[in-house]
Amino acid sequence: AIMAAIGQATKHGVIIKSGESLEKMGKVDTIAFDKTGTLTYGRLEVSDVISFSPSHTEENLLALTASAEAKSEHPLGKAIAAGAREQNLPLAESEDFKMAAGKGISATVADRKLLCGNEKYLLEGGVSIDGQIRDTLEKLRTEGKASVLVAENGACIGVIALSDVLRPEAKDMVSRLNAMHVRTVLLTGDNRKTADYFAKQVGISEVRAELLPEEKVQNVKALQASGRNICMIGDGVNDAPALKTADVGVAMGSM
């Protein structure tokens with residue numbers, strides 16, 4: 001029966017590692033979702049380019065940020081680089097590229113030291129975030145958009161906002177899980193308001209936001225400690241540690 005099930009699943013694009021994994025899935029009573037690429041398509045597109053510096057136009061800000069993000073493996077960084085290329089903006093070679101998982105990246109582009117990431121990452125880098133910047137971020141979050149702040153030589157010069165599209169089947173899927181009395185939880189690195197926006201769209205009431213990869217692992221372990229059998233569904237990259245920790249890990253593919 002297990003071999004037949006694995007064979008049938010393969011026909012539908014679901015690759016099951018082993019019979020043991022399938023048996024464990026039958027005992028799962030809690031499913032923890034990542035958001036980007038899981039509940040959403042993960043096809044992020046640049047929606048807003050907002051400059052806080054009179055010396056940087058929107059095009060210049062996007063080109064500079066894309067140059068810094070060109071080596072990034074994160075979906076946000078890839079989307080920014082792709083957005084600049086679509087507009088045929090020239091990208092410069094970056095140096096000293098470093099990535100802080102779940103926070104952002106640093107790089108030097110044309111002798112400009114850049115930090116690109118979330119608010120916490122810039123604050124840790126000694127960059128001040130004033131009221132205008134916070135108000136802009138708040139507005140973007142209420143629209144369900146992800147934001148990447150950009151700092152040059154210690155000063156915040158702008159923000160790049162990106163939008164994603166919810167998978168149309170996500171709401172029905174969560175509704176069916178709830179009907180089966182399966183607990184659903186959203187574990188995401190997104191800001192709380194952005195996370196709440198998407199969770200409300202699909203019907204997930206339990207949201208844990210602004211999590212680093214290791215904090216997702218801690219949340220999975222906490223759920224397991226409470227006696228739950230956990231299935232973690234994520235992108236297979238940033239979520240790899242949480243997928244490994246869960247009783248069953250599901251990595252989403254692209255269609």
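**Figure 1. The second largest pocket of this predicted model holds about 990 Å³ of space.** A pocket here is an open set of points on a 1 Å grid over the protein atoms alone, with protein on both sides within 12 Å along at least five of seven lines, and its lining residues have an atom within 4 Å of a point. Grid points are joined across faces, edges and corners, and the volume is the space filled by probe spheres set on the points. Of the 44 residues that line the second largest pocket, L76, G102, N118, G189 and D190 are the closest to its centre. Which strand gives the largest share of this lining? Strand β6 does, with four residues. Other elements that each supply at least two lining residues include α4, β3 (94–100), α5 (119–124), α6 (131–142) and α9 (213–225). Helices (H or I, at least four residues) and strands (E, at least two) are DSSP runs, numbered from the N terminus. By class, this lining divides into 16 nonpolar, 14 polar and 14 charged residues. Ala, Val, Leu, Ile, Met, Phe, Trp, Tyr, Cys and Pro count as nonpolar, Asp, Glu, Lys and Arg as charged, and the others, Gly among them, as polar.

A note on reading these views: residues are numbered from 1 along each chain as its sequence is written, and side-chain values use heavy atoms, with hydrogens and water left out. Because the model is predicted, local features need pLDDT of at least 70 and side-chain atom pairs count only at pLDDT 80 or more, while totals for chains, interfaces and linings use all residues.

**Figure 2. The largest pocket holds about 1,300 Å³ of space.** Among its 38 lining residues, V14, I233, V250, A251 and M252 are the closest to the centre. Helices α2 (19–25), α7 (170–179) and α10 (240–245), along with strands β1 (30–33) and β11 (248–251), each supply at least two residues of the lining. The lining of this pocket has 21 nonpolar, eight polar and nine charged residues.

**Figure 3. V250 lies in strand β11.** Not counting residues up to four places away in sequence, V250 touches C231, M232, I233, G234 and L243, where contact means heavy atoms within 4.5 Å. V250 and D239 are 11 residues apart along the chain, and their C-alpha atoms are separated by 9.9 Å.

**Figure 4. One cavity of 30 Å³ or more turns up in a search of the whole structure.** A cavity is a set of grid points where a 1.4 Å probe fits but cannot get out. About 30 Å³ of space lies in the largest cavity. Its lining is made of K35, T36, L44, G144, A146, L162, D164, D190, T194 and F198. Those residues divide into four nonpolar, three polar and three charged.

**Figure 5. Y197 and F198 form an aromatic pair.** One such pair is found in the whole structure. Their ring centres are 5.3 Å apart and their planes lie at 85°, so the pair is edge-to-face. Rings of Phe, Tyr and Trp (its six-membered ring) pair if their centres lie within 6.5 Å; planes under 30 degrees apart count as stacked, over 60 as edge-to-face and the rest as tilted. Y197 is partly exposed, at 33% relative accessibility, whereas F198 is buried, at 4%.

**Figure 6. The largest nonpolar core has 24 residues.** A nonpolar core is a set of buried Ala, Val, Leu, Ile, Met, Phe, Trp, Tyr and Cys residues joined through side-chain atoms within 4.5 Å. L62, A68, I80, I160 and L162 touch the most other members. Helix α3 (58–69) is one of the elements that each supply at least two residues of this core, and α3 gives the largest share, six residues. Leaving aside neighbours within four places in sequence, L62 is in contact with V46, V49, I80, G83, A84, Q87, L89 and I160. A second, separate core of 18 residues includes V28, V202, A209 and V248.

**Figure 7. E45 sits in strand β2 (residues 45–51).** E45 is exposed, with a relative accessible area of 55%. Beyond its neighbours within four places in sequence, E45 is in contact with A161, L162 and S163. E45 and D164 are 119 residues apart in sequence and 6.8 Å apart in space, C-alpha to C-alpha.

Notes:
Buried means under 20% relative accessible area, exposed over 50%, partly exposed in between (1.4 Å probe, protein chains only).
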